[in-house]
Amino acid sequence: MRGFKKGFEAAGHSVCFVDVRKLDEPSCFDYVLSYDYGYMINQNALLTVQKIISMNPKVKLIHYFADNPSLKYAHSGKFELKEKFLEFCNSHKNNIKLVFWDRKFLNDFSGFSSSYFPICVDCEIYKDYGLEMKYDVTFLGRPLGGLRQKILSSVVKNFPDNLKIFSYPKHFDESVRTMGDFLNDRELKSYKNCFCGFVQCQEELSKIYNSSKINLNINLQGDNSLNYRTFEVLASKGFLLCDKREDIKSLGLENVLVQYESEHDLINKISHYLSFENERNEIRARARKLASQHYNIVARAGEILNTVE
């Protein structure tokens with residue numbers, strides 16, 4: 001959202017940037033941009049937005065969903081929120097504009113004005129820090145869910161001393177309790193040694209991507225498109241090994257990352273790219289160039305306004 005703010009300001013817009021929990025003073029706006037359900041999660045913020053509508057009946061309320069709208073990551077565990085949101089949309093159909101990171105979700109809200117907008121990142125934060133390679137294989141994110149745990153366990157079995165995992169401690173602890181389904185006692189000990197803690201800020205995230213020989217991505221949400229990690233790694237001039245996704249081709253990313261199609265394929269490609277530094281560096285250089293040219297949120301922020309006109 002800070003990237004959107006910088007982009008809107010660069011385009012000449014006056015922007016009020018506020019935590020929805022502190023949104024209590026209505027003003028007259030042309031647009032209200034929210035991440036996922038945004039102000040719907042907070043009752044006081046919702047009342048403020050309703051006052052904004054009364055002040056400007058033509059205001060556009062843009063909800064940019066960069067998560068699956070049905071999962072708790074979008075609605076903060078308030079499972080009833082989707083139905084509440086649909087009721088709100090029906091009451092303000094002329095104001096609501098929905099924007100999704102994956103075309104899959106357009107069908108879920110087919111009765112409303114919806115658009116597709118792929119994920120972009122702030123290339124002033126995610127950038128080439130020029131760091132030396134510190135890590136062999138890294139995974140940043142929740143190491144949870146059968147698919148992710150199956151893949152991570154395969155990496156641990158084949159590269160027990162090479163994998164580093166950065167996540168919330170509680171998520172890693174939770175994964176340890178279920179990794180016994182995939183790993184024996186010796187392998188589980190190696191897995192526990194993979195944990196490197198939680199990354200506090202975006203700059204530190206980018207530095208890890210930038211100093212990793214291989215950044216591993218395992219998309220969980222959506223059908224075809226790509227998560228934030230994809231573009232964060234590319235913008236950080238990181239080498240990305242990513243599960244196969246249909247939108248990799250349509251987004252022009254085929255030559256800036258490497259796809260894997262199975263656990264066996266993943267292990268082979270980790271082994272290959274750990275050995276061939278020149279190939280990694282060629283792909284990394286293309287990645288940073290493409291991300292900064294086409295997926296910089298500061299440069300593309302205005303496009304999200306164009307989608308709702």
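Leaving aside neighbours within four places in sequence, which residues is P118 in contact with? Select P118 in the viewer, and then Y64, W101, L251, Y295 and R300: these are the residues in contact with P118, where contact means heavy atoms within 4.5 Å.

Before going further, note that this is a predicted model, in which local features need pLDDT of at least 70 and side-chain atom pairs count only at pLDDT 80 or more, while totals for chains, interfaces and linings use all residues. Residues are numbered from 1 along each chain as its sequence is written, and side-chain values use heavy atoms, with hydrogens and water left out.

**The whole chain**

Display the protein as a cartoon. Its secondary structure comes to 13 helices and 9 strands; helices (H or I, at least four residues) and strands (E, at least two) are DSSP runs, numbered from the N terminus. The radius of gyration is 21 Å, close to the 19 Å that the globule rule gives for 309 residues, so the protein is as compact as a globular protein of that length. That radius is taken over C-alpha atoms, and the globule rule is 2.2 Å times the number of residues to the power 0.38. Along the principal axes, the C-alpha atoms fill a box of roughly 60 × 40 × 30 Å.

Of the 309 residues, 51% count as buried; buried means under 20% relative accessible area, exposed over 50%, and partly exposed in between (1.4 Å probe, protein chains only). Among contacts between residues at least 6 apart in sequence, 72% join residues at least 24 apart.

Select F4, Y39, L61, Y64, L253 and I304. Of the 69 residues in the largest nonpolar core, these touch the most other members. A nonpolar core is a set of buried Ala, Val, Leu, Ile, Met, Phe, Trp, Tyr and Cys residues joined through side-chain atoms within 4.5 Å. Next, select L183, L188, Y260 and I267, which are among the 28 residues of another core, lying apart from the largest one. In soluble globular proteins, nonpolar side chains tend to be buried together.

Return to P118, in the loop between β4 (114-116) and β5. P118 is buried, with a relative accessible area of 8%.

Now select V99 in strand β3 (residues 96-100). Is V99 buried or exposed? V99 is buried, with a relative accessible area of 0%. Not counting residues up to four places away in sequence, V99 touches I62, H63, Y64, F65, S115, Y116, F117, I304 and T307. The C-alpha atoms of V99 and S113, 14 residues apart along the chain, are separated by 8.6 Å.

**Helix α9 and its cover**

Select residues 228-235, which form helix α9; 7 of its 8 residues are buried. The buried residues are R229, T230, F231, E232, V233, L234 and A235. What covers them includes β5 (135-140), α5 (146-158), α8 (202-210), β7 (212-217), β8 (240-243) and α12 (277-294).

**Two positive phi angles**

Step on to K237, in the loop between α9 and β8. K237 has a positive phi of about 55 degrees although it is not a glycine, and at 23% relative accessibility it counts as partly exposed. Compare D36, in the loop between β1 (31-35) and α2 (43-55). D36 also has a positive phi of about 55 degrees without being a glycine, but at 2% relative accessibility D36 counts as buried.

Select M55 in helix α2. At 42% relative accessibility, M55 counts as partly exposed. Beyond residues up to four places away in sequence, M55 touches P26, S27 and C28. M55 and F239 are 184 residues apart in sequence and 49 Å apart in space, C-alpha to C-alpha.

Finish at L274 in helix α11 (residues 263-275), which is partly exposed, with a relative accessible area of 21%. Apart from neighbours within four places in sequence, L274 is in contact with D136, V137, F159, K213, I214 and R280. L274 and N219 are 55 residues apart in sequence and 22 Å apart in space, C-alpha to C-alpha.
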